[in-house]
Amino acid sequence: MREVNPKETSRAYAFEMWMNAPMPMVTFFKTLDVSRLVKISRKKGLKFNMLMCYCIGRAASRVKEFYMLPVGNKLMQYDSIAVNTIVANSKGEVSSCDIPFTDDLSLFNQNYLLLTRQVAESCIDYDLSEQSMVIGTSALAQYEIDGAVGMYSGIFNNPFLIWGKYRRSLFKAILTVSFQFHHTQMDGAHAARFLDEVQKEIKVLKC
């Protein structure tokens, strides 16, 4: 990652307006049709959470605003993206694991399985924040929730998605996700486009 001059980017106005705001985070909610992911997960023996993380990373990689992030009082530029997942570890607690994003689903799955297993066993977080713009995720897959708003710590400005258990209807499976983002990083239109892209990636996913 490298520092960039906000005035020389498309985020110049947002940086001036939102960097010192007491609450610069915005949260959107969207209900996704995840029927295809459920089908692929069962047919191919792939983890549903891994498939969600892959589609999130793929959608984010197509929105240029995801490659910039306010860090401290600076605007940083990244060349790559990673997707974070929370892992239940061997101590009965949770650890954090960043998965480097790649368009290659097979390679992404290999990295996901390897790194989450490593983190679960060692109870040591795997952190890529010094080299990649990390998208946070938290899956409460055992619980049906209608939504969640992330906590703004004032330290971490990374975009963050939360979801619970998907719901089944007669013909499809649906999942409500929340997406929290820093207004300096992107505007509402960028966030809405990203969520639309996530849905598109889910529907066209090939495996």
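A residue counts as buried when its relative accessible area is under 20%. The model discussed here is predicted.

1. Asparagine 109. This residue belongs to helix α4, which spans residues 105-122. Its relative accessibility is 14%, so asparagine 109 is classed as buried. Once neighbours within four places in sequence are set aside, the contacts of asparagine 109 are with Leu46 and Met50.

2. Geometry of the α2 and α3 pair. Two packed helices are described by the angle between their axes and the distance between the axes. Here, helix α2 covers residues 35-44 and helix α3 covers residues 48-60; their axes come within 9 Å and cross at roughly 130 degrees. The crossing of the two helices, α2 and α3, is right-handed.

3. Residues joining α2 and α3. From α2, the residues involved are Leu37, Val38, Ile40 and Ser41, and they meet Phe48, Leu51, Met52 and Cys55 of α3. Sorted by class, this contact of α2 with α3 comprises seven nonpolar residues, one polar residue and no charged residues.

4. Leucine 51. Which helix holds leucine 51? The residue is placed in helix α3. With a relative accessibility of 0%, leucine 51 is counted as buried. Not counting residues up to four places away in sequence, leucine 51 touches Leu37, Ile40, Ser41, Leu46, Leu105 and Leu205. For one of these, serine 41, the C-alpha atom is separated from that of leucine 51 by 7.7 Å, the two residues being ten apart along the chain.

5. Threonine 137. Strand β7, residues 133-139, contains threonine 137. Is this residue buried or exposed? Its relative accessible area is 1%, so threonine 137 is buried. The side chain of threonine 137 reaches the backbone oxygen of asparagine 84 at a distance of 2.6 Å.

6. Surroundings of threonine 137. Leaving out residues up to four places away in sequence, threonine 137 touches Cys53, Ile56, Val83, Asn84, Thr85, Ile86, Phe160, Leu161 and Trp163. Asn84, in this list of contacts, is the residue whose backbone oxygen is reached by the threonine side chain.

7. Points to keep together. Leu46 is in contact with asparagine 109, and Leu46 is also touched by leucine 51. Asparagine 109, leucine 51 and threonine 137 are each classed as buried.

Key:
Residues are numbered from 1 along each chain as its sequence is written. This is a predicted model: local features need pLDDT of at least 70, side-chain atom pairs count only at pLDDT 80 or more; totals for chains, interfaces and linings use all residues. Side-chain values use heavy atoms; hydrogens and water are left out. Axes are lines fitted to C-alpha atoms, for helices over the stretch in contact, and angles run from 0 to 180 degrees between N-to-C directions. Helices (H or I, at least four residues) and strands (E, at least two) are DSSP runs, numbered from the N terminus. A crossing is left-handed if the near helix is turned anticlockwise from the far one by less than a right angle, and right-handed if clockwise. Contact means heavy atoms within 4.5 Å. Ala, Val, Leu, Ile, Met, Phe, Trp, Tyr, Cys and Pro count as nonpolar, Asp, Glu, Lys and Arg as charged, and the others, Gly among them, as polar. Buried means under 20% relative accessible area, exposed over 50%, partly exposed in between (1.4 Å probe, protein chains only). A polar contact is a pair of N or O atoms within 3.5 Å; within protein, one must be able to donate a hydrogen and the other to accept it, and residues adjacent in sequence count only if both atoms are side-chain atoms.
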